[in-house]
Amino acid sequence: MAIYFALKASVMGFSSVGSAAQFAFVEGIYARVVLFGQYLAKLFYPYPLSIVYPFEKIDTFFDLNVIISLVMIAGTAGAAFFALRKNHPVPIFSFLWFASFIAPVILFLIGESEHMLAERFLFLPSVGLALAGGYLISFALRQKNTRVLLGSLMMLLLFLGVSWTTVFARNSEW
(Lines give C-alpha, C1' and ligand atoms only; values in the text may rest on other atoms or scores of the structure.)
Protein backbone atom coordinates (compact mmCIF):
# COMPACT_ATOMS: atom_id res chain seq x y z
CA MET A 1 0.00 0.00 0.00
CA ALA A 2 2.88 2.35 0.76
CA ILE A 3 4.22 1.89 -2.77
CA TYR A 4 0.76 2.61 -4.19
CA PHE A 5 0.42 5.85 -2.22
CA ALA A 6 3.96 6.95 -3.13
CA LEU A 7 3.33 6.37 -6.83
CA LYS A 8 -0.07 8.02 -6.65
CA ALA A 9 1.36 11.07 -4.88
CA SER A 10 4.15 11.36 -7.44
CA VAL A 11 1.68 11.35 -10.33
CA MET A 12 -1.43 13.04 -8.94
CA GLY A 13 -0.22 14.93 -5.91
CA PHE A 14 -1.50 14.46 -2.40
CA SER A 15 -5.18 15.12 -3.13
CA SER A 16 -7.53 12.50 -1.74
CA VAL A 17 -10.28 13.28 -4.22
CA GLY A 18 -9.78 13.46 -7.94
CA SER A 19 -11.33 15.83 -10.39
CA ALA A 20 -13.67 13.34 -12.09
CA ALA A 21 -16.44 13.15 -9.52
CA GLN A 22 -16.84 14.90 -6.21
CA PHE A 23 -18.70 12.64 -3.81
CA ALA A 24 -20.17 13.72 -0.53
CA PHE A 25 -19.53 11.33 2.37
CA VAL A 26 -22.87 9.52 2.07
CA GLU A 27 -22.67 9.42 -1.73
CA GLY A 28 -19.22 7.86 -1.39
CA ILE A 29 -20.61 5.11 0.84
CA TYR A 30 -23.43 4.40 -1.59
CA ALA A 31 -20.97 4.45 -4.50
CA ARG A 32 -18.70 1.93 -2.76
CA VAL A 33 -21.61 -0.41 -2.02
CA VAL A 34 -22.87 -0.23 -5.60
CA LEU A 35 -19.35 -0.61 -6.99
CA PHE A 36 -18.74 -3.74 -4.90
CA GLY A 37 -22.04 -5.18 -6.14
CA GLN A 38 -21.22 -4.31 -9.74
CA TYR A 39 -17.81 -5.97 -9.44
CA LEU A 40 -19.47 -9.10 -8.03
CA ALA A 41 -21.90 -9.08 -10.97
CA LYS A 42 -19.09 -8.54 -13.51
CA LEU A 43 -17.19 -11.40 -11.95
CA PHE A 44 -20.02 -13.82 -12.70
CA TYR A 45 -21.38 -12.27 -15.89
CA PRO A 46 -18.94 -9.90 -17.61
CA TYR A 47 -21.17 -9.05 -20.53
CA PRO A 48 -21.22 -6.66 -22.34
CA LEU A 49 -17.55 -5.79 -22.15
CA SER A 50 -16.74 -2.13 -22.42
CA ILE A 51 -13.76 0.12 -21.96
CA VAL A 52 -15.72 2.66 -19.95
CA TYR A 53 -18.76 2.00 -17.80
CA PRO A 54 -20.81 5.01 -16.82
CA PHE A 55 -21.16 5.52 -13.09
CA GLU A 56 -23.75 7.91 -11.75
CA LYS A 57 -23.89 9.41 -8.30
CA ILE A 58 -26.46 7.91 -5.98
CA ASP A 59 -27.92 10.12 -3.30
CA THR A 60 -30.48 7.85 -1.65
CA PHE A 61 -30.38 4.56 0.15
CA PHE A 62 -33.57 3.43 -1.59
CA ASP A 63 -32.04 3.45 -5.05
CA LEU A 64 -32.51 0.05 -6.73
CA ASN A 65 -28.76 -0.31 -7.40
CA VAL A 66 -27.95 0.15 -3.70
CA ILE A 67 -30.56 -2.38 -2.62
CA ILE A 68 -29.50 -5.00 -5.18
CA SER A 69 -25.85 -4.50 -4.27
CA LEU A 70 -26.62 -4.85 -0.56
CA VAL A 71 -28.49 -8.09 -1.23
CA MET A 72 -25.54 -9.41 -3.27
CA ILE A 73 -23.07 -8.44 -0.54
CA ALA A 74 -25.27 -9.98 2.15
CA GLY A 75 -25.61 -13.20 0.13
CA THR A 76 -21.87 -13.44 -0.39
CA ALA A 77 -21.11 -12.69 3.25
CA GLY A 78 -23.82 -15.18 4.28
CA ALA A 79 -22.24 -17.88 2.15
CA ALA A 80 -18.86 -17.13 3.72
CA PHE A 81 -20.40 -17.27 7.21
CA PHE A 82 -22.10 -20.57 6.36
CA ALA A 83 -18.76 -21.96 5.17
CA LEU A 84 -17.17 -20.78 8.40
CA ARG A 85 -19.82 -22.51 10.50
CA LYS A 86 -19.42 -25.73 8.50
CA ASN A 87 -15.62 -25.57 8.80
CA HIS A 88 -14.87 -25.19 5.07
CA PRO A 89 -11.78 -22.96 4.90
CA VAL A 90 -11.39 -22.70 1.11
CA PRO A 91 -14.58 -20.67 0.46
CA ILE A 92 -13.67 -18.34 3.33
CA PHE A 93 -10.18 -17.88 1.92
CA SER A 94 -11.68 -17.30 -1.53
CA PHE A 95 -14.01 -14.59 -0.22
CA LEU A 96 -11.17 -12.92 1.70
CA TRP A 97 -8.96 -13.11 -1.40
CA PHE A 98 -11.64 -11.40 -3.50
CA ALA A 99 -12.38 -8.77 -0.87
CA SER A 100 -8.75 -7.95 -0.14
CA PHE A 101 -7.81 -7.48 -3.80
CA ILE A 102 -10.90 -5.50 -4.78
CA ALA A 103 -10.80 -3.30 -1.66
CA PRO A 104 -8.06 -0.92 -2.89
CA VAL A 105 -10.03 -0.28 -6.06
CA ILE A 106 -13.26 0.42 -4.20
CA LEU A 107 -11.75 2.37 -1.34
CA PHE A 108 -9.25 4.54 -3.19
CA LEU A 109 -10.56 4.90 -6.74
CA ILE A 110 -13.85 6.58 -5.84
CA GLY A 111 -13.69 10.04 -7.33
CA GLU A 112 -10.23 9.53 -8.84
CA SER A 113 -11.41 8.93 -12.38
CA GLU A 114 -14.46 8.13 -14.44
CA HIS A 115 -13.10 4.60 -14.83
CA MET A 116 -14.12 3.30 -11.43
CA LEU A 117 -15.59 0.14 -12.92
CA ALA A 118 -13.37 -1.85 -15.28
CA GLU A 119 -12.83 -5.56 -15.80
CA ARG A 120 -9.07 -5.15 -15.52
CA PHE A 121 -9.49 -4.57 -11.79
CA LEU A 122 -11.00 -8.06 -11.47
CA PHE A 123 -7.89 -9.93 -12.63
CA LEU A 124 -6.51 -10.78 -9.18
CA PRO A 125 -9.87 -10.99 -7.37
CA SER A 126 -11.06 -13.56 -9.92
CA VAL A 127 -8.49 -16.00 -8.52
CA GLY A 128 -10.72 -16.19 -5.44
CA LEU A 129 -13.68 -17.18 -7.64
CA ALA A 130 -11.58 -19.83 -9.37
CA LEU A 131 -10.56 -21.28 -5.99
CA ALA A 132 -14.15 -21.33 -4.78
CA GLY A 133 -15.39 -22.85 -8.04
CA GLY A 134 -12.80 -25.60 -7.94
CA TYR A 135 -13.64 -26.32 -4.33
CA LEU A 136 -17.38 -26.47 -5.05
CA ILE A 137 -16.82 -28.87 -7.96
CA SER A 138 -14.59 -31.03 -5.77
CA PHE A 139 -17.16 -30.94 -2.97
CA ALA A 140 -19.98 -31.92 -5.34
CA LEU A 141 -18.00 -34.83 -6.78
CA ARG A 142 -17.35 -36.23 -3.30
CA GLN A 143 -21.06 -36.36 -2.49
CA LYS A 144 -22.78 -39.74 -2.54
CA ASN A 145 -26.15 -38.20 -3.35
CA THR A 146 -26.83 -38.49 -7.08
CA ARG A 147 -29.23 -35.51 -6.99
CA VAL A 148 -26.46 -33.23 -5.75
CA LEU A 149 -24.06 -34.62 -8.33
CA LEU A 150 -26.58 -34.30 -11.16
CA GLY A 151 -27.60 -30.79 -10.09
CA SER A 152 -23.95 -29.73 -9.94
CA LEU A 153 -23.32 -31.16 -13.38
CA MET A 154 -26.36 -29.34 -14.78
CA MET A 155 -25.21 -26.03 -13.25
CA LEU A 156 -21.73 -26.53 -14.69
CA LEU A 157 -23.12 -27.30 -18.15
CA LEU A 158 -25.43 -24.27 -17.97
CA PHE A 159 -22.51 -22.05 -16.98
CA LEU A 160 -20.32 -23.44 -19.75
CA GLY A 161 -23.12 -23.05 -22.31
CA VAL A 162 -23.82 -19.43 -21.43
CA SER A 163 -20.09 -18.66 -21.36
CA TRP A 164 -19.49 -20.33 -24.70
CA THR A 165 -22.35 -18.52 -26.47
CA THR A 166 -21.21 -15.18 -25.07
CA VAL A 167 -17.59 -15.71 -26.08
CA PHE A 168 -18.47 -17.20 -29.48
CA ALA A 169 -20.64 -14.21 -30.35
CA ARG A 170 -17.79 -11.84 -29.46
CA ASN A 171 -15.12 -13.72 -31.46
CA SER A 172 -16.02 -11.86 -34.66
CA GLU A 173 -14.95 -8.58 -33.00
CA TRP A 174 -11.48 -9.90 -32.22
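**Reading a predicted helical chain**

Me: Among contacts in this chain between residues at least 6 apart in sequence, what share joins residues at least 24 apart?

Reply: The share is 76%, counted among the contacts between residues at least 6 apart in sequence. Please keep in mind, as we go on, that this is a predicted model.

Me: Which elements would I meet if I read along the sequence?

Reply: Reading along the sequence, you would follow the pattern α-α-α-α-α-α, and the count for the chain is six helices and zero strands. Of the 174 residues in the chain, 26% are buried.

Me: How can I check the length of a helix, and what does helix 5 show?

Reply: The idea is to compare an expected span with the distance between the end C-alpha atoms: at 1.5 Å a residue, the 18 residues of helix 5 should span 26 Å, and its end C-alpha atoms are 27 Å apart, which agrees.

Me: Which residues of helix 5 are buried, and where do they lie around the axis?

Reply: The general idea comes from the turn of the helix, for an α-helix has 3.6 residues a turn, so residues three or four places apart point the same way. In helix 5 the buried residues include P125, G128, A132, Y135 and A140. These residues cover an arc of only 135 degrees around the axis, which puts them on the same side of helix 5. On the other side of helix 5, by contrast, A130 and L141 are exposed.

Me: How much space lies in the largest pocket, and which residues are closest to its centre?

Reply: About 1500 Å³ of space lies in the largest pocket. Its lining has 43 residues, and those closest to the centre are F44, L129, A132, G133 and L136. The elements that give two or more residues to this lining are helix 2 (25–44), helix 3 (64–85), helix 4 (89–108), helix 5 (125–142) and helix 6 (146–170).

Me: Which helix gives the most to that lining, and how do the lining residues divide into nonpolar, polar and charged?

Reply: Helix 6 gives the most, with 13 residues, while the lining as a whole divides into 33 nonpolar residues, nine polar and one charged.

Terms used:
Residues numbered from 1 in each chain as written. Predicted model: local features only at pLDDT ≥ 70, side-chain atom pairs only at ≥ 80, totals over all residues. Heavy atoms only, no water. 1 Å grid on protein atoms, 1.4 Å probe; cavity = no way out; pocket = protein on both sides within 12 Å on 5 of 7 lines; lining within 4 Å. Points joined across faces, edges and corners; volume = space filled by probe spheres on them. Helix = DSSP H or I, 4+ residues; strand = E, 2+ residues; numbered from the N terminus. Nonpolar A, V, L, I, M, F, W, Y, C, P; charged D, E, K, R; others polar. Expected span 1.5 Å × (residues − 1). Buried < 20%, exposed > 50% of the residue type's maximum accessible area, 1.4 Å probe, protein only. Arc of directions from axis to C-beta. Contact = heavy atoms within 4.5 Å.
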